[in-house]
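Here is a short briefing on charged and nonpolar side chains in one protein model. Keep the structure open as you read.

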Amino acid sequence: MNIGIKLSRLKTENFIWFVYAFIVIAALYSNHLEEDYYTKKDKQAFYKQKAINITVLTIAFFIYLYFVLIITEDLNNMEKNLQNKDYLITLAKLVGAILFLIGGAIQVISEITQTEPDEIGFI
């Protein structure tokens, strides 16, 4: 792979790490709001927490989608040879990225469809 492409991808991944920092802060605040809901029965806190979770999970979904697309591009640029260790590793990365993408989609859908908090959430 061209060094220019690698450097461009690293810049994008650096940006993604900053996005993850935002996700951590948002998730901590969301947990605080959820705690307020459980301790004070504050419905407004529940709806704010739900909106934050949907936003965070949607952002994460698009990050996973980015990695699926990048890995797919890498696979398309490689010789299709199951005897090649690099090809197999990249294929395994694609499977993992697809599973994260599916998991992210399920999380977004479950958060959107949840109407009442019946248990402590998972992000």
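Lys40 and Asp36 join their side chains in a salt bridge, at 3.7 Å from N to O. Both residues sit in helix H1, four residues apart, or about one turn of the helix. The model is predicted. It holds three salt bridges.

**The pair within helix H1**
- Lys40 is exposed, because its relative accessible area is 60% and the cut-off for exposed is over 50%.
- Asp36 counts as buried, because its relative accessibility is 13% and buried means under 20%.
- Side chains of opposite charge can pair when their charged atoms come close.

- Arg9 and Glu73 form a salt bridge, with their closest N and O atoms 3.3 Å apart.
- This pair links distant parts of the chain: Arg9 is in helix H1 (residues 3-40) and Glu73 is in helix H2 (residues 43-76), 64 residues apart.
- Arg9 also meets Asp74 in a salt bridge, at 2.8 Å from N to O.
- Here too, distant parts of the chain are linked: Arg9 in helix H1 and Asp74 in helix H2 are 65 residues apart.
- Is Arg9 buried or exposed? Arg9 is buried, with a relative accessible area of 11%.
- Asp74 is buried as well, with a relative accessible area of 18%.
- Glu73 is partly exposed, because its relative accessible area is 39%, which falls between the cut-offs of 20% and 50%.

**A buried charge without a salt bridge**
- Glu111 lies in helix H3.
- Glu111 is buried, yet it has no salt bridge.
- How far away is the nearest side chain of opposite charge? That side chain is Lys50, and it is 4.7 Å away.
- Beyond its neighbours within four places in sequence, Glu111 is in contact with Gln49, Lys50, Asn53, Ile54 and Leu57.

**A nonpolar patch on the surface**
- Val95, Ile98, Leu99, Ile102 and Ile106 form a nonpolar patch on the surface.
- Together these residues have about 450 Å² of accessible area.
- Val95 has its place in helix H3 (residues 85-113).
- Val95 counts as partly exposed, because its relative accessibility is 46%.
- Patch residues need over 30% relative accessible area, so Val95 at 46% passes that cut-off.

Notes:
Residues are numbered from 1 along each chain as its sequence is written. This is a predicted model: local features need pLDDT of at least 70, side-chain atom pairs count only at pLDDT 80 or more; totals for chains, interfaces and linings use all residues. Side-chain values use heavy atoms; hydrogens and water are left out. Patches are made of residues with over 30% relative accessible area and no salt bridge: like charges are joined within 9 Å, nonpolar side chains (Val, Leu, Ile, Met, Phe, Trp, Tyr) within 5 Å. Accessible areas come from the Shrake-Rupley method with a 1.4 Å probe; for residues, only the protein chains shown count as cover. A salt bridge is a side-chain nitrogen of Lys or Arg within 4 Å of a carboxyl oxygen of Asp or Glu. Helices (H or I, at least four residues) and strands (E, at least two) are DSSP runs, numbered from the N terminus. Buried means under 20% relative accessible area, exposed over 50%, partly exposed in between (1.4 Å probe, protein chains only). Lys and Arg count as positive and Asp and Glu as negative; His and the chain ends are not counted. Contact means heavy atoms within 4.5 Å.
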